[in-house]
Amino acid sequence: MLSLLYQEGPSTKGIFRRSGSAKTFKELKEKLDSGSEVDLACESIFVTASLFKDFLRNIPGSILSSQLCDKWVSVLDQGNNEEKIKSIQRLLEQLPRANVVLLRYIFGVLHGIEMRSEENQMNAFNLAVCIAPSLLWPPVSSTPDIESEFIKKISSLVQFLIENCCRIFGDEITSLFGEI
């Protein structure tokens, strides 16, 4: 999924914002969940993007870890960008290695899409609004107002992560997928 999103996302207008066919999404999700072979290259990239967001939403406790939720939310309240980046790197060190590896690939894809935002209309802000709710959620449910405020904060955090991903994850993030 990430490979396809890396290849097609940058040239796809509204990637992660538009959703594909609900019927196709449901059928593919059932096939993937049952372990069947699926050729996503034959499907709409919007369905692939929807499947990927669904995958992220189903990671127990979220990929950024709901247990670290308060710390993630407070990152942007800290001093300058350097301090924010250092805080983010310290939080990443507290995550399981598999989560960090996946996050590097995710932000590699998002960075590639954002670099061509003139073409696809998905700048860091737009990408963050679409993907942030799939990356982190609070450990307990709350009122709609609190949840709305939380999503705004997490979207700002994800926007910061996209805009600074090379400094956070390293410059090699731009070549994780090699020459596909």
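**Salt bridges and helix contacts in a predicted model**

At 41% relative accessibility, Glu119 counts as partly exposed (buried means under 20% relative accessible area, exposed over 50%, partly exposed in between; 1.4 Å probe, protein chains only). Salt bridges that share partners join Lys29, Asp33 and Asp54 into one network. Glu119 itself forms a salt bridge with Arg116, the closest N and O atoms being 2.9 Å apart (a side-chain nitrogen of Lys or Arg within 4 Å of a carboxyl oxygen of Asp or Glu). Arg116 is partly exposed, at 36%.

The model is predicted: local features need pLDDT of at least 70, side-chain atom pairs count only at pLDDT 80 or more, and totals for chains, interfaces and linings use all residues. Residues are numbered from 1 along each chain as its sequence is written, and side-chain values use heavy atoms, with hydrogens and water left out.

The structure holds seven salt bridges. Among them, Asp54 pairs with Lys29 at 3.0 Å, N to O. This pair links helix H3 to helix H2 across 25 residues (helices are DSSP runs of H or I, at least four residues, numbered from the N terminus). Asp54 is buried at 13%, whereas Lys29 is partly exposed at 24%. Glu27 also bridges to Lys23, at 3.3 Å between the closest N and O atoms.

Thr48 lies in helix H3 (residues 45-57). Its relative accessible area is 0%, so Thr48 is buried. Thr48 touches Met1, Leu4, Leu5 and Leu40, not counting residues up to four places away in sequence (contact means heavy atoms within 4.5 Å). Met1 is partly exposed, at 31%.

Note on methods: Helices (H or I, at least four residues) and strands (E, at least two) are DSSP runs, numbered from the N terminus.
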